[in-house]
Amino acid sequence: IAATQPSTDWHLKENAREHHTSKFSSEELIVRRGQAFTITFNGAERPEQNLIFIAETGPKPSKATKTLATFDISSTVSKEGWSAVVQSSSSSSVSISISSPHNAVIGRYRLSVQSGSSSPQSLGTFVLLFNPWSSGDDVFMPNTAECEEYVLEEFGIIFAGNKNHISSFGWNFGQFQGDILNICLAIMDRSLYYRQDPITDVSHRHDPRYLGRVLSAMVNANDDQGVVLGNWSGKYEGGKNPTSWTGSGEILQSWKKSGFKPVKYGQCWVFAAVLTTVLRCLGIPTRTITNFSSAHDADGNLRVDEFYDADGNHLERGADSVWNFHVWNESWFIRNDLGPSYSGWQVLDATPQEESGGIYQCGPASRHAIKEGEVELDYDGPFVFAEVNADCMYWNYDSATGKKTLIFSKSTEIGASISTKAVGRDARVDVTRDYKYEEGSAKEREIFKKARKKLGLEDKFDPTAPKQEEVEQKPDISGKFKVAGSLEVGKDLNLLLVLENLQSDAKTVNVNMTAWSTLYTRRRVNQIWKDSLSVTLAPKEEKQFPIKIKYPEYQQQLTTDKTIQVTALCHVKDGIQVLVKRNITLDNPAIDIQVLGEAKVNKEVVVEVAFTNPINEEVKDCVLQVEGSDLLQGILELRIPPLKASEKSSTKFKLIPSEAGPKHLLVNFFCDKFADIKTFKMVNVIN
């Protein structure tokens with residue numbers, strides 16, 4: 001008699017509950033490695049006598065590459081490989097508990113069963129993920145509250161702005177929504193590594209270190225037609241402005257729908273947020289990290305050179321730069337290649353800045369190795385170390401003669417207020433101390449010298465033994481910009497330039513001032529304002545000069561990053577030049593969300609969003625975008641009529657929450673005068 005095709009009960013609900021995969025909305029079994037799951041099937045006669053199971057993954061499964069496992073019924077769970085233990089059986093069906101090893105390759109498996117000498121019968125497919133709840137797994141995270149946050153939480157907060165003025169916005173990671181898991185599996189199968197050697201690539205997918213590196217390359221479009229195309233030009237025609245995204249779902253879905261064409265456009269937080277979604281989806285604990293005053297050291301000498309002309313304009317010379325902020329990722333796993341003290345948080349960076357091994361990928365770099373200056377350890381230690389530690393050199397450059405003169409250097413500028421979201425609450429946590437010893441301390445300088453020595457740099461620029469053109473002279477005056485009043489788009493910008501004579505004789509100073517709109521990378525886009533003044537400072541005198549840049553002056557020039565760099569280059573008669581600069585990030589006006597009534601599963605609830613036009617002219621082309629995992633499907637887009645000066649708009653819409661618990665609603669409002677006014681609201685959904 002021909003054997004009938006067995007029908008399989010995958011016990012989806014029970015297995016998902018046991019394996020922390022209940023949030024996936026899938027008809028397919030999704031389980032975590034190193035942990036048993038139960039299936040029941042019928043159609044086998046005297047089933048448990050001589051059943052052999054076959055689990056296989058990838059294009060050419062084999063035992064040698066650990067992509068094929070055959071295992072029969074045993075009485076106990078195997079410590080090493082796959083195993084099957086009978087739970088119960090009747091004359092027509094059998095329930096089996098199947099266990100995979102802690103270091104199994106992750107991905108989609110085909111499962112079949114063979115009875116005696118008959119040919120194997122397919123039972124179907126299931127997906128195997130990393131297991132941070134299991135102590136044998138490389139990604140094991142002992143603290144369950146951290147597992148909840150870094151694997152199961154679909155909402156995040158990303159910090160931005162600058163170190164004097166930290167701002168934040170919400171992000172919908174959405175790793176359990178719709179088709180995201182299948183898209184994440186597709187990302188792995190489209191990497192350069194897979195295309196070059198699919199069999200080897202799949203066999204390495206047991207290793208979070210390997211997958212983290214591969215996925216840091218695949219999230220950017222460089223080299224491999226990856227997910228997101230970067231654009232730092234300030235012009236975003238033909239795509240979406242990077243500041244307008246509010247979640248990863250739309251990006252990943254667009255990538256798939258377009259036939260895997262890179263999605264336009266991303267900047268650092270977009271790459272980091274998408275990588276967070278992909279890694280959390282696969283079960284690797286991951287978070288976003290924001291580094292303020294972040295160095296991009298292009299030439300690997302652990303210092304960043306910035307050039308200014310005589311008018312105080314910041315020149316685009318050399319490849320080094322300092323960004324107001326930069327966002328990357330940390331993922332949690334052990335480093336068997338480096339040793340136990342290097343396990344824990346690992347830095348991954350999907351933003352395409354510098355090539356590593358010939359392609360745009362970065363990490364994993366052990367955070368502990370970065371703190372200790374052990375820059376030679378895999379991977380990309382020097383680049384990450386420089387991002388948080390580089391010294392800054394500020395030069396005056398004369399384009400006529402090509403002469404450069406050092407204005408001053410600073411070793412405490414880079415890597416400030418390194419930030420991430422708190423576990424279980426919507427707050428900022430400062431992790432700077434996990435990256436470096438206290439700024440300015442002897443230990444911090446010692447580590448910096450250690451890193452330079454490892455890179456063979458100790459005899460080149462060393463602050464204790466400078467070359468002639470790098471001698472820093474003592475300035476006669478000091479200066480700073482102070483903010484007077486609020487920093488808000490739509491309002492005039494009021495600053496004070498404060499100059500102080502440090503000497504006991506009078507000083508004459510000519511000051512050239514400029515203000516430019518910039519990107520968050522401090523790349524100049526449009527000049528907003530320039531002015532100059534001459535002043536004589538009496539001995540030890542301090543003077544303040546008010547500066548006003550009116551809203552109409554900057555409104556047309558401002559980028560959607562809302563950043564302005566103000567510089568004053570002070571030419572002191574018979575003395576050295578003094579550079580005063582400040583990067584300013586303006587805040588958007590506020591927007592308010594109210595949930596009217598109680599939010600219950602599968603019941604309509606009304607939400608009201610209110611915005612008041614703060615400027616003296618009409619705003620038009622107003623759009624409100626709303627998203628939130630488990631609160632609504634996809635993105636809701638509402639057009640709002642024009643608003644006259646000081647007019648308030650109130651928009652109502654309905655949600656039908658699909659799951660209980662604390663959920664986050666994200667709102668983005670934009671119009672012709674304001675880009676991407678964002679806010680979020682926690683909505684507690686009850687059954």
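A search of the whole structure finds 35 salt bridges (a side-chain nitrogen of Lys or Arg within 4 Å of a carboxyl oxygen of Asp or Glu). This is a predicted model: local features need pLDDT of at least 70, side-chain atom pairs count only at pLDDT 80 or more, and totals for chains, interfaces and linings use all residues. Residues are numbered from 1 along each chain as its sequence is written, and side-chain values use heavy atoms, with hydrogens and water left out. Helices (H or I, at least four residues) and strands (E, at least two) are DSSP runs, numbered from the N terminus.

**Salt bridge Lys-256 to Asp-179**

- Lys-256 and Asp-179 form a salt bridge, with 2.5 Å between the closest N and O atoms.
- Lys-256 lies in helix H7 (residues 249–257) and Asp-179 in the loop between strand E11 (165–172) and helix H3 (180–188), so the pair ties together parts that are 77 residues apart in sequence.
- Lys-256 is partly exposed, at 36% relative accessible area; the term covers values between buried (under 20%) and exposed (over 50%), with a 1.4 Å probe and protein chains only.
- Asp-179 is also partly exposed, at 22%.

**Salt bridge Glu-376 to Lys-454**

- Glu-376 pairs with Lys-454 in a salt bridge, the closest N and O atoms being 3.2 Å apart.
- Distant parts of the chain are linked here: Glu-376 sits in the loop between helix H9 (367–371) and helix H10 (381–389), and Lys-454 in helix H12 (residues 442–454), 78 residues apart.
- Glu-376 is partly exposed, with a relative accessible area of 45%.
- Lys-454 is partly exposed, with a value of 39%.

**Salt bridge Lys-548 to Asp-492**

- The Lys-548 and Asp-492 side chains meet in a salt bridge, at 3.9 Å from N to O.
- This pair, too, links distant parts of the chain: Lys-548 is in strand E28 (residues 542–549), and Asp-492 is in the loop between strand E24 (477–483) and strand E25 (493–501), 56 residues apart.
- Lys-548 counts as partly exposed, at 42% relative accessibility.
- Asp-492 is partly exposed, at 27% relative accessible area.

**Salt-bridge network**

- Salt bridges link Asp-207, Arg-209, Arg-335 and Asp-337 in a network.

**Five-stranded sheet**

- Five strands form an open sheet in the order E2-E9-E8-E4-E5, with mixed pairing; two strands pair if DSSP finds at least two bridges between them.
- Strand E2 (29–32) and strand E5 (68–72) stand at the edges, each with a single partner strand, so one side of each is left without a neighbour in the sheet.
- Neighbouring strands of this sheet are turned by 30° against each other on average, direction ignored; axes are lines fitted to C-alpha atoms, for helices over the stretch in contact, and angles run from 0 to 180 degrees between N-to-C directions.
- E2 pairs with strand E9 (residues 121–129) in the parallel sense, over four bridges.
- Leu-29 stands opposite Phe-126 in E9.

**Strand E14 and its partners**

- Strand E14 (residues 286–296) is mostly covered, with eleven of its eleven residues buried.
- E14 and strand E17 (residues 321–333) pair in the antiparallel sense, over ten bridges.
- In E17, Trp-323 stands opposite Ser-294.
- E14 also runs antiparallel to strand E22 (residues 416–421), joined by two bridges.
- In E22, Ser-419 stands opposite Thr-290.
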